[in-house]
Amino acid sequence: MTVEVVKVEEETQKVDGVAATKEEPKTVTKCSSYKEESNFLSDLKEFERKALNEFKAKLEEAILGNSLLNKEEETIKKNEKAAAGGVVEKEKEAEKPVDEEAEKEEDKNPKEQIAQEVEKEAEKEEEKNEAEGEEKCVEVDKDIALWGVPLLPSKGAEGIDVILLKFLRAREFKVNDALEMLKNTLQWRKGNNIDSILDEDLEVDLSSAAYMNGVDREGHPVCYNIYGVFESDELYQKTFGTEEKRGQFLRWRLRLMEQGIQKLDFKPGGISSLLQINDLKNAPVLAKKELRVATKQAVDLLQNNYPEFVARNIIINAPFWYYALNALISPFLTQRTKSKFVVARPAKVTEILLKYIPAEELPVQYGGFKRENDFEFSKEGGAVSEITLKAGSTETIEIQAPEIGTTITWDLTVLGWEVSYKEEFVPTDEGSYTIIVQKRKKMGSHEGPIRNTFKNNEAGKLVLTIDNASSKKKRVLYRYKTKNFSS
């Protein structure tokens with residue numbers, strides 16, 4: 001599968017407190033890394049608008065006709081059964097000899113005949129009243145909703161177009177197929193109590209296997225799926241050891257999806273889909289049958305009941321067997337599905353992820369600056385800047401600290417590393433000694449981002465030096481904040 005590379009637009013800005021370097025740092029901005037289809041009516045093609053209007057009309061009819069939740073099929077079956085019963089009765093009556101019927105009629109006296117006719121009329125009236133009573137008991141549910149959005153088109157809910165377009169796009173704008181998919185989803189949700197799944201207290205805890213964390217450059221919530229955790233036999237048996245446990249796993253995964261949907265906005269122009277990261281490092285997928293089967297079941301449930309909820313699917317740390325498997329299934333995937341996949345080999349994981357997720361939102365284990373329960377940097381402060389380190393060159397980043405007692409905290413990473421790096425504090429007073437904060441160190445390709453803090457006892461500046469002796473240019477990302485003792 002081809003790895004899609006999307007250029008990240010950047011704006012060159014001066015950052016307060018950083019002296020001029022050989023190249024001015026650039027602020028890494030949240031810009032468009034890929035474009036989804038618009039959900040605004042004005043942006044839809046003519047055939048798409050026509051399909052949406054037809055879908056709404058059929059949905060309105062289905063809801064008002066009480067047939068959305070498979071009630072129409074039940075009614076048809078009852079009618080067929082009643083019709084079949086009537087045919088049988090007629091056939092039986094036809095089989096009775098005419099003479100026998102005539103004899104019986106002759107044997108009856110007028111009083112008996114009148115009594116029987118009155119009884120028959122009473123039975124007919126009773127059946128009619130029962131049928132009318134049943135019709136009155138069947139109330140139309142006009143409050144049917146999906147993910148908090150009322151589905152009755154005439155209610156004019158703001159998010160209904162976005163929801164219906166998901167089903168239409170999943171079925172290539174074939175209205176009848178989209179309506180059938182919606183019916184199946186609603187029936188499945190009702191039969192499995194999905195609307196109350198967020199309130200369930202599931203026994204299984206798989207927070208290390210999949211979790212929501214941060215947003216991408218477009219604002220899509222990011223879901224990380226970590227398959228390598230199931231290399232542990234203990235966790236594997238706790239999760240997939242029995243059929244009941246496998247069922248709990250599927251329910252837990254569905255609940256995680258519903259939690260992600262709580263973060264979405266179904267208004268036109270809102271963020272209505274997720275970014276999926278699938279980490280296959282040490283994944284035992286081919287070797288573990290139960291995991292393979294459970295994963296397929298989860299994927300099927302998500303595809304059938306959560307259409308168009310994945311904006312992009314990024315596969316990282318893909319092992320050799322993934323490429324073989326992909327070669328087999330790729331011919332059966334639609335171009336639309338294929339276009340959502342990006343594959344990153346181990347050496348390119350951070351580089352690819354940073355194309356879609358800003359460094360401040362990317363977890364530190366994947367080369368970003370986001371740390372668990374980290375309160376050093378707020379979303380409003382500590383913007384990430386970037387400089388390009390040319391082959392065979394040296395760059396310095398200077399952070400001014402003119403006041404005594406200033407605490408400086410900084411994050412820094414070099415994509416691919418393979419550079420030399422040092423940190424030192426240079427006092428303003430030429431008579432003072434330079435303080436070595438971090439002596440020069442060769443940074444290997446597997447180094448993670450650096451986080452450090454320094455508090456000065458005299459005015460000066462912090463100098464970060466990166467020396468690139470390699471023949472390849474490097475990307476340096478960094479951010480910092482200063483805090484004075486008086487603040």
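Let me start with Asn53, which at 48% relative accessibility counts as partly exposed. This residue sits in helix α1, residues 46–64. Along the chain, Asn53 and Pro153 are 100 residues apart, while their C-alpha atoms are separated by 9.7 Å. Please keep in mind that this is a predicted model.

Now the overall picture. The chain has 487 residues, and 42% of them count as buried. There are 12 helices and 17 strands. The accessible surface comes to about 28,000 Å², with carbon and sulfur atoms accounting for 49% of that. As for contacts, take those between residues at least 6 apart in sequence: 77% of them join residues at least 24 apart.

Ile357 lies in the loop between α12, residues 349–356, and β10, residues 385–389. Is Ile357 buried or exposed? At 0% relative accessibility, Ile357 counts as buried. What does Ile357 touch, leaving out residues up to four places away in sequence? The list is Val215, Asp216, Arg217, Val222, Tyr224, Leu275, Ile277 and Leu362. For Arg217 I also have a C-alpha to C-alpha distance: Arg217 and Ile357 are 5.3 Å apart in space and 140 residues apart in sequence.

Next, the aromatics. How many aromatic pairs does the structure hold? There are 15 aromatic pairs. In one of them, Trp147 with Tyr306, the ring centres are 5.8 Å apart and the planes meet at 35°, so this pair is tilted. Trp147 is in the loop between β3, residues 145–146, and β4, residues 149–150, and Tyr306 is in the loop between α9, residues 289–305, and β8, residues 310–316, so the pair ties together parts that are 159 residues apart in sequence. Both partners can be checked for burial. Trp147 is buried, with a relative accessible area of 13%. Tyr306 counts as buried too, at 4% relative accessibility.

A second pair is Tyr236 with Phe240, where the ring centres are 5.2 Å apart and the planes are at 50°, so this one is also tilted. Here both residues belong to helix α7, residues 233–240, and because they are four residues apart, about one helical turn separates them. Tyr236 and Phe240 are both buried.

Back to Trp147 and Tyr306 for a moment. These two, together with Trp188, Phe266 and Phe309, form one aromatic cluster.

Then there is a charged residue to look at. Arg255 is in helix α8, residues 243–261. Arg255 is buried but has no salt bridge. Which side chain of opposite charge is nearest to Arg255? That is Asp201, 5.7 Å away. A salt bridge would need a side-chain nitrogen within 4 Å of a carboxyl oxygen. Setting aside residues up to four places away in sequence, Arg255 touches Ile197, Leu198, Glu200 and Leu202.

Last, the surface. Leu325, Leu328 and Ile329 form a nonpolar patch there, and together they have about 270 Å² of accessible area. Of these, Leu328 lies in helix α10, residues 320–329. At 61% relative accessibility, Leu328 counts as exposed.

Technical notes: Residues numbered from 1 in each chain as written. Predicted model: local features only at pLDDT ≥ 70, side-chain atom pairs only at ≥ 80, totals over all residues. Heavy atoms only, no water. Helix = DSSP H or I, 4+ residues; strand = E, 2+ residues; numbered from the N terminus. Buried < 20%, exposed > 50% of the residue type's maximum accessible area, 1.4 Å probe, protein only. Lys, Arg positive; Asp, Glu negative; His and termini not counted. Contact = heavy atoms within 4.5 Å. Patch = residues over 30% accessible without salt bridge, like charges linked within 9 Å, V, L, I, M, F, W, Y side chains within 5 Å. Areas by Shrake-Rupley, 256 points an atom, 1.4 Å probe, with all protein chains shown as cover. Phe/Tyr/Trp six-rings, centres within 6.5 Å; stacked < 30°, edge-to-face > 60°.
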